[in-house]
Amino acid sequence: MPDNKSANISPVKDFLAGGFGGVCLVIAGHPFDTIKVRLQTMPTPANGLPPMYTSAFDCFKKTFVNEGIRGFYKGMAAPTMMVTPNYAVLFFSYGLGKTGVSKLMPGELTPVKLFMAGAFAGAMYTFTICPVERVKCLLQIQSGKAAGQGQILYTGPIDCTRQLLRTGGIRSLYRGLGATFVRAIPQAGLYFMTYEILKKAFAPADGSGLSTIRTLTAGGLTGIINWVFMLPADVVKSRIQTAPEGTYPRGFRDAFPKLLKAEGVRGLYRGIVPVFIRAFPANAACFTGFEVAIKVLDVCAPNL
């Protein structure tokens, strides 16, 4: 759990609190995530034609006009259904990572050690989050006009999962696994390291613990800092997971140079506006939800 005392790790508490934090993140951030994915995966316009979306605001407006409020929550069922085990794996793995690092390198948990523990959590998290994000991204880019000339390809996450398994097997569901590793390992390392540093910096001198406002601020800033560095890898992952079969046979090694050649460095930062707008409230909600859940569990079930 997010503190520098790796000795007191409760797997059950980490599971429950991490899951609750993840639910808070999804509820607060999914609409912005939908805009981000649509911007990241829109096709390159033909010569002389305007792009599908000219900006994040244009994407927001078209989504609202064509699909209403529900359009912003497309694909939400998949991460919501999986968020508890996913974030349980992420936060619990981070706790295990800190324990392992402390045993291998005794002493204070420095930023480098925290990054290593977070990277371990990211590696474990990849296996659970990859299929969820594959389904989520496919549902998010699906709209009445974009999906099969007015035909909805997937009626929901279960139907999408079933179709992927039927047409391509488990490999189809895990498309983008390599790109997810490339993103998740350094992302989780940076994520937890940044939060620990900010949490320590914001801690009151009297040792009374962070207030809700300070926890929200630390979590929100963590999200923004994290996405500054990790957005390019996320763009490549989204492209791979939503592209037609065979578009990127070598995964990240094909998608990254193709995207860079076609759109330049700017293409690697598609969706940056909704990402930054989403990053603060979503991650503030996640870490605050986690910390609140831990405090409640410590009071209600101290021996859990």
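Where is the place of Gln 187? Select Gln 187 and you are in helix α6. Helices here are DSSP runs (H or I, at least four residues; strands are E, at least two), numbered from the N terminus.

Before going on, note that this is a predicted model, where local features need pLDDT of at least 70, side-chain atom pairs count only at pLDDT 80 or more, and totals for chains, interfaces and linings use all residues. Residues are numbered from 1 along each chain as its sequence is written, and side-chain values use heavy atoms, with hydrogens and water left out.

**Stop 1: Gln 187**

Stay on Gln 187. Its relative accessible area is 13%, so Gln 187 is buried. Buried means under 20% relative accessible area, exposed means over 50%, and partly exposed lies in between (1.4 Å probe, protein chains only). Now show its partners. Not counting residues up to four places away in sequence, Gln 187 touches Asn 226, Trp 227 and Met 230. Contact means heavy atoms within 4.5 Å.

**Stop 2: α1 against α7**

Trp 227 also takes part in the contact of α7 with α1. Select helix α1 (residues 11-41) and helix α7 (residues 212-242). They pack at an angle of about 65°, with axes 9 Å apart. Axes are lines fitted to C-alpha atoms, for helices over the stretch in contact, and angles run from 0 to 180 degrees between N-to-C directions. That makes α1 roughly perpendicular to α7. The classes are: under 35 degrees roughly parallel, over 145 roughly antiparallel, 65 to 115 roughly perpendicular, and the rest oblique.

From α1, show Lys 36, Gln 40 and Thr 41. From α7, show Trp 227, Leu 231, Asp 234, Val 235, Ser 238, Arg 239 and Thr 242. These contact residues divide into three nonpolar, four polar and three charged. Ala, Val, Leu, Ile, Met, Phe, Trp, Tyr, Cys and Pro count as nonpolar; Asp, Glu, Lys and Arg as charged; the others, Gly among them, as polar.

**Stop 3: Leu 259**

Move to Leu 259, in helix α8 (residues 252-267). At 4% relative accessibility, Leu 259 is buried. Leaving aside neighbours within four places in sequence, Leu 259 contacts Val 235, Arg 239, Gly 264, Gly 267 and Leu 268.

**Stop 4: the aromatic rings**

How many aromatic pairs does a search of the whole structure find? The search finds 13. Rings of Phe, Tyr and Trp (its six-membered ring) pair if their centres lie within 6.5 Å; planes under 30 degrees apart are stacked, over 60 edge-to-face, and the rest tilted.

Select Phe 91 and Phe 192. The pair is edge-to-face, 5.5 Å centre to centre with 90° between the planes. Phe 91 sits in helix α3 (residues 77-104) and Phe 192 in helix α6 (residues 177-202), 101 residues apart. Both are buried.

Next, select Tyr 191 and Phe 287. This pair is tilted, at 5.0 Å and 35°. Tyr 191 lies in α6 and Phe 287 in helix α9 (residues 272-300), so the pair ties together parts 96 residues apart in sequence. Tyr 191 is buried at 9% relative accessible area, and Phe 287 is buried at 0%.

Finish by selecting the cluster linked by ring pairs: Tyr 87, Phe 91, Tyr 94, Tyr 125, Tyr 191, Phe 192, Tyr 195, Phe 287 and Phe 290.
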